[in-house]
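These are my notebook entries on a protein structure. I set down what I looked up, topic by topic.

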Amino acid sequence: AEGRIWSFRPIAVEVLRDGQRIALEIAPAFNLSRLDWVFALVFCAALGFTALYLFLRLPADTASNFIGLASLFYLVFTAVKPFYYENLASNLLIHLGKLTSWFMVFFALHFPAPRGSRALRRGLVWGILAAYAVFLAARLVCFTRWAGGAGDAWLDRYRILGKLGNAADGVAFLIYLALLSVSYLRSAHALEKRRLEWILAGFLIAIPPYFFLDQLPLILGGPEGLRVSMGNFANLFLVFVPLFFIVGL
């Protein structure tokens, strides 16, 4: 099927499954007639500009480094997402890109001022990264076993772990919002408050519609026909996060 793809038009193939021939239609990931891909391209441009600006213009402090890495990681996730099931390498890159929500938490631990002791912050960062490494290893094992023909039970396990990962993203967003909100309430400096207002505004404009209309249906599961996912249209909302970050910082 891959060798027959020379355009963006869907192609028909037949597969032999459990002794029966099944007709399938394969649609290439990039359908240029759909407007929502424009939002994905705009979002990629915003993420790339944000990462470049942060690394070139802001001080080399821990908070700036974390949010710059978050921009780069999510840029990789957005660009590689159409090739989710292509091979192990693309699957690995996508999972690394989903670390973005925790990089935002790490940013909030250091902005506008470091919270807690240095040992506590390092313990939280390395603890979360270690837990994600275990999650990533488990999901890649499921993916490789399923792709190797070990059966759809491994795909079911892969999807269950994916729902847990999406739920963890929601938890990370709530922690991030709580940390920045506490920093805002405790800050006595007008400039710090104004910066936090911009950063929180970008988050509140972008994340709720993205999570409830794109991620939540995947967490809840259910028949494919009952899922309502915004797909690339969610990127229209997510553009506010990197752009408001630049204004705020």
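**Entry 1: basis of the model.** I noted that this is a predicted model, in which local features need pLDDT of at least 70, side-chain atom pairs count only at pLDDT 80 or more, and totals for chains, interfaces and linings use all residues. Residues are numbered from 1 along each chain as its sequence is written, and side-chain values use heavy atoms, with hydrogens and water left out.

**Entry 2: confidence.** I looked up pLDDT, the predictor's confidence in each residue, from 0 to 100. The protein averages 83, and 88% of the residues score at least 70. Confidence is highest in H5, at 93, and lowest in helix H8 (residues 234-238), at a mean of 80.

**Entry 3: overall fold.** I counted helices (H or I, at least four residues) and strands (E, at least two) as DSSP runs, numbered from the N terminus. The protein has 9 helices and 2 strands. Along the sequence, the pattern reads β-β-α-α-α-α-α-α-α-α-α.

I then looked up burial: buried means under 20% relative accessible area, exposed over 50%, and partly exposed in between (1.4 Å probe, protein chains only). Of the 249 residues, 39% count as buried. The accessible surface comes to about 14100 Å², and 68% of it belongs to carbon and sulfur atoms; such areas come from the Shrake-Rupley method with a 1.4 Å probe, and for residues only the protein chains shown count as cover.

For contacts (heavy atoms within 4.5 Å), I noted that residues 24 or more positions apart account for 61% of those with a separation of 6 or more.

**Entry 4: helix H5.** Helix H5 covers residues 118-147 and has 30 residues. From its first C-alpha to its last it reaches 43 Å, close to the 44 Å expected at 1.5 Å a residue; the expected span is 1.5 Å times one less than the number of residues. Which residues of H5 are buried? They are Arg121, Val125, Tyr132, Phe135, Leu136, Arg139, Leu140, Cys142 and Phe143. Their cover includes helices H2 (62-80), H3 (88-97), H4 (100-110) and H6 (152-186). Gly149 follows H5 and has a positive phi, near 95 degrees.

**Entry 5: salt bridges.** I took a salt bridge as a side-chain nitrogen of Lys or Arg within 4 Å of a carboxyl oxygen of Asp or Glu. The structure holds 4 of them. One joins Glu14 and Arg21, with the closest N and O atoms 3.7 Å apart; both residues are exposed.

Another joins Asp152 and Arg17, with the closest N and O atoms 2.4 Å apart. Because Asp152 lies in helix H6 and Arg17 in strand E1 (residues 11-17), this pair ties together parts that are 135 residues apart in sequence. Asp152 is partly exposed at 35% relative accessibility, and Arg17 is partly exposed at 43%.

A further salt bridge links the side chains of Asp169 and Lys98 (3.7 Å, N to O). Asp169 is in helix H6 and Lys98 in the loop between H3 and H4, so the pair ties together parts that are 71 residues apart in sequence. Is Asp169 buried or exposed? Asp169 counts as buried at 11% relative accessibility, and Lys98 counts as buried at 16%. Not counting residues up to four places away in sequence, Asp169 touches Lys98 and Ser101.
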